[in-house]
Amino acid sequence: MGVRSMNPHPPSTPTDGEPSTPEALRARYESGATIRELVTTSGLSYGTVLNRLHDAGTQMRTPWQTRTMRQDPQARQRLAAHLRTLYEQNGATLTELAAAAGKTRRAARRLLIEAGGTVRTTQQTQRMRTAARAVERQKLAMSLRARYEASATVPELAKECSFSVATVYRLLHQAGTHMRPQHNHGPTRDTRKRS
């Protein structure tokens with residue numbers, strides 16, 4: 001028989017102010033409500049609630065997942081806040097959030113939204129990451145400039161940072177470094193003639 005025949009209890013009277021659209025039911029379910037509780041608050045039959053959840057694209061939980069979710073709501077809030085920080089300050093993707101939380105992308109997205117985060121487009125994430133890389137590159141360039149102006153040579157900087165000499169030159173120029181004469185870039189040598 002179809003899902004709609006599953007109604008072991010008669011529907012309850014709807015609770016005032018509780019919308020029963022598929023999206024509203026999904027939101028309450030994803031916040032931890034069970035299907036039985038949605039039946040009680042909405043006044044709909046069990047089958048109707050289940051069908052509306054499916055219509056809204058809801059990812060259904062097992063009873064064990066529901067118990068785990070409801071046992072420690074504070075832990076869930078902490079995880080959600082952590083994921084939001086990773087997403088907004090570090091430019092993490094939903095895939096990276098899912099890996100960090102040990103969950104699916106959909107679950108990570110749900111936690112992000114619960115914490116007040118706003119999901120970015122792929123283009124927005126790329127722009128954010130590009131900007132972050134530019135900031136880090138500028139910091140590195142200024143650090144190399146300080147080392148260079150404190151008498152380090154370009155070859156020494158390249159060796160210490162595992163960069164090519166050309167990359168160090170580019171970073172120093174990016175930092176607006178006043179370069180020493182070419183013959184002074186290498187290690188100091190005793191150029192006095194031997195008698």
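Does Arg-26 count as buried, partly exposed or exposed, and at what relative accessibility? Arg-26 counts as partly exposed, at 21% relative accessibility, where buried means under 20% relative accessible area, exposed over 50%, and partly exposed in between (1.4 Å probe, protein chains only).

The structure is a predicted model, in which local features need pLDDT of at least 70 and side-chain atom pairs count only at pLDDT 80 or more, while totals for chains, interfaces and linings use all residues. Residues are numbered from 1 along each chain as its sequence is written, and side-chain values use heavy atoms, with hydrogens and water left out.

The chain has a mean pLDDT (the predictor's confidence in each residue, from 0 to 100) of 81, and 84% of its residues reach 70 or more. Helices are DSSP runs (H or I, at least four residues), numbered from the N terminus. Confidence is highest in helix H3 (residues 46-55), at a mean of 93, and lowest in helix H4 (residues 63-71), at 76. Over residues 1-17 pLDDT stays under 50, and the model has 24 contacts beyond four places in sequence for this segment, a contact being heavy atoms within 4.5 Å. Residues 185-195 also stay under 50, with nine such contacts. Where pLDDT is low, the predicted coordinates should not be read in detail.

A search of the whole structure finds eight salt bridges, defined as a side-chain nitrogen of Lys or Arg within 4 Å of a carboxyl oxygen of Asp or Glu. One of them joins Arg-26 and Glu-30 at 2.8 Å, N to O. These two residues are four apart in helix H1 (residues 22-30), and so are separated by about one helical turn. Glu-30 is buried, with a relative accessible area of 12%. In helix H5 (residues 73-89), Glu-88 and Arg-84 are likewise four residues apart, and their side chains meet at 2.9 Å. Glu-88 is partly exposed at 37%, as is Arg-84 at 30%. In Glu-136 and Lys-139 the closest N and O atoms are 3.7 Å apart; the pair lies three residues apart in helix H8. Glu-136 is partly exposed at 49%, whereas Lys-139 is exposed at 52%. Salt bridges that share partners join Arg-26, Glu-30 and Arg-110 into one network.

In helix H10 (residues 165-174), Thr-167, Val-168, Leu-171 and Leu-172 are buried. Seen down the helix axis, the buried residues of H10 fall within an arc of 135°, so they line one face; the arc is that of the directions from the axis to the C-beta atoms. They pack against helix H8 (122-149) and helix H9 (154-161). Gly-176, which follows H10, has a positive phi near 70°.
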